[in-house]
Amino acid sequence: MASDHVDVLIVGAGLSGIGAAVHLGRECPGKTYAVLEARDAIGGTWDLFRYPGIRSDSDMYTLGYAFKPWTDPKAIADGDSIRAYVRQTAREYDVERHIRFRHRVVRAEWDSATARWTVHAHRDDTGEDVTLTCGFLFTNSGYYRYDEGYTPRFPGVERYVGTLVHPQHWPDDLDYAGKRVVVIGSGATAVTLVPAMAERAAHVTMLQRSPTYVIALPSRDPFADAARRWLPPKAAYAVARWKNVTLGVANFQLSRRAPGVVKRFLRRAAKGRLPAGYDVDRHFSPRYDPWDQRLCVVPDGDLFAALSAGRASVVTDTIDTFTAHGVRLTSGTELPADVVVTATGLNLLALGGMTLAVDGDEVDLARTIAYKGMMLSGVPNFAMTIGYTNASWTLKADLVATYVCRLLRHLDDTGQQIVTPLAPDTDDLEPIIDLKSGYVLRAVDQLPKQGPHAPWRLHQNYPRDVRLMRHGPLTDGVRFARAGTPAAAAVATSGGTDA
């Protein structure tokens with residue numbers, strides 16, 4: 001049983017975990033840290049997903065780190081390029097030597113007497129159980145299960161004799177050249193897979209129960225290209241980043257305030273890229289408002305190009321049953337398929353599945369309230385990274401990491417050792433993730449909540465969060481203390497009082 005101590009323990013070596021480690025090394029150089037990663041490689045999502053066409057659905061000037069300019073001309077980048085960028089960052093900032101691979105964190109226990117977390121991890125490579133202690137626990141493990149994607153129960157699927165695959169577990173040896181493919185789903189994964197597979201498949205059908213908003217954006221950003229010609233790399237990156245942040249915020253605000261205007265714009269944009277007479281209303285006009293779910297970006301309109309060329313098609317219907325050689329729909333139509341891809345979504349898993357306890361009391365995440373979208377009421381010296389739902393993940397990840405560093409410096413400067421968010425006295429609570437996507441709704445009862453106002457409310461607004469998290473107060477809504485001070489009475493636990 002191995003045991004050691006660090007000042008800060010970071011969980012996860014993906015995009016946000018590597019960024020957190022870099023921020024910590026730059027802004028708190030005296031702090032010791034380690035990074036625990038359950039898998040055997042750096043990259044997180046961008047190392048896990050290997051399906052055809054895998055790419056970002058945010059531009060890389062905002063998905064890239066604030067401290068490391070994205071220099072590739074591709075604004076919407078492929079998964080290999082993003083994975084290489086994350087790994088290069090880890091090497092450049094000397095993070096690699098701090099990472100312990102194949103360490104899956106299963107539990108963390110806080111002790112107020114010593115102001116320490118005891119973190120229990122399992123090494124999947126050796127079978128060994130490992131215990132570490134830390135003064136601050138910083139989770140960057142995302143919010144979905146890495147070992148299992150979501151696949152609904154399809155009637156008759158046991159009769160199907162073709163190849164059935166989920167994008168989260170793409171086989172390296174899957175050969176779909178010249179074959180008939182059905183992709184079930186209409187989200188970001190489906191709209192990525194369809195044009196990519198259509199380049200080699202005989203035909204690809206995207207089978208969707210209901211449409212999703214799809215918007216075409218250029219794979220290269222002309223503004224960023226011009227900025228690179230005239231400005232130094234860091235300045236060009238900053239200008240392109242803020243331009244895209246501003247456009248993103250404006251798009252989201254317009255969608256909230258005038259959804260009908262945005263609906264009409266998206267419909268006209270789709271119609272303009274599809275053949276005359278195409279049934280846009282059936283296949284590309286959702287019943288919900290824009291940004292109730294994320295918009296799906298298609299670089300250079302590749303999905304629309306595949307549909308227009310006849311290499312792919314969209315069918316909006318529901319599944320009656322699988323057959324031996326395809327899928328029969330409720331309308332009676334049968335879609336023949338040599339390969340069926342179930343791009344049906346993710347399973348949420350908060351904190352990577354780890355459990356928390358504070359001074360012996362089990363923490364029920366669903367009864368905690370998120371402080372500034374990054375800490376939990378009643379849970380001391382703990383932070384988590386959850387990116388924006390309406391913008392790139394890394395914009396929020398950078399802000400969270402910077403705020404954690406501010407907190408750590410404040411603790412040192414004031415001689416304190418513990419910071420604990422205190423739950424607000426309110427029953428006006430909502431889930432921390434405000435999307436109406438299926439993967440969110442399936443797990444909404446397991447997630448922390450958010451309150452009615454700052455610092456307990458998420459506004460999904462990067463410029464506003466810059467003011468709040470880089471320049472706002474550190475002492476609002478929290479209690480600072482020294483070791484030996486019991487956790488706040490307002491701790492929301494499975495055996496406590498509702499916040």
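Tutor: We begin with a term: a patch is made of residues with over 30% relative accessible area and no salt bridge, and nonpolar side chains are joined within 5 Å. Please keep in mind that this is a predicted model.

Student: Which residues form a nonpolar patch on the surface, and how does L231 count in terms of accessibility?

Tutor: The nonpolar patch consists of F223, W230, L231 and V239, which together have about 430 Å² of accessible area. L231 is placed in the loop between α6 (222-230) and α7 (233-257). Because its relative accessibility is 36%, L231 counts as partly exposed.

Student: What is the strand order in the open sheet of five strands, and which are the edge strands?

Tutor: The pairing is parallel, and the order is β7-β16-β8-β9-β12. An edge strand pairs on one side only, and this applies to β7 (163-165) and β12 (312-316).

Student: In β12, which residue is the bridge partner of V204?

Tutor: Strand β9 (residues 203-208) runs parallel to β12, and five bridges join the two. Within β12, V204 has as its bridge partner A312.

Student: How many residues apart in sequence are the parts that D124 and R104 tie together?

Tutor: The two side chains meet in a salt bridge of 3.6 Å, N to O. D124 lies in the loop between β5 (116-123) and β6 (129-139), whereas R104 lies in strand β4 (residues 103-111), so the parts tied together are apart in sequence by 20 residues.

Student: Is D398 buried or exposed?

Tutor: D398 forms a salt bridge with R241 (3.3 Å, N to O). The relative accessible area of D398 is 2%, so D398 is buried.

Definitions and conventions: Residues numbered from 1 in each chain as written. Predicted model: local features only at pLDDT ≥ 70, side-chain atom pairs only at ≥ 80, totals over all residues. Heavy atoms only, no water. Patch = residues over 30% accessible without salt bridge, like charges linked within 9 Å, V, L, I, M, F, W, Y side chains within 5 Å. Areas by Shrake-Rupley, 256 points an atom, 1.4 Å probe, with all protein chains shown as cover. Salt bridge = Lys/Arg side-chain N within 4 Å of Asp/Glu carboxyl O. Helix = DSSP H or I, 4+ residues; strand = E, 2+ residues; numbered from the N terminus. Buried < 20%, exposed > 50% of the residue type's maximum accessible area, 1.4 Å probe, protein only. Pairing = 2+ DSSP bridges.
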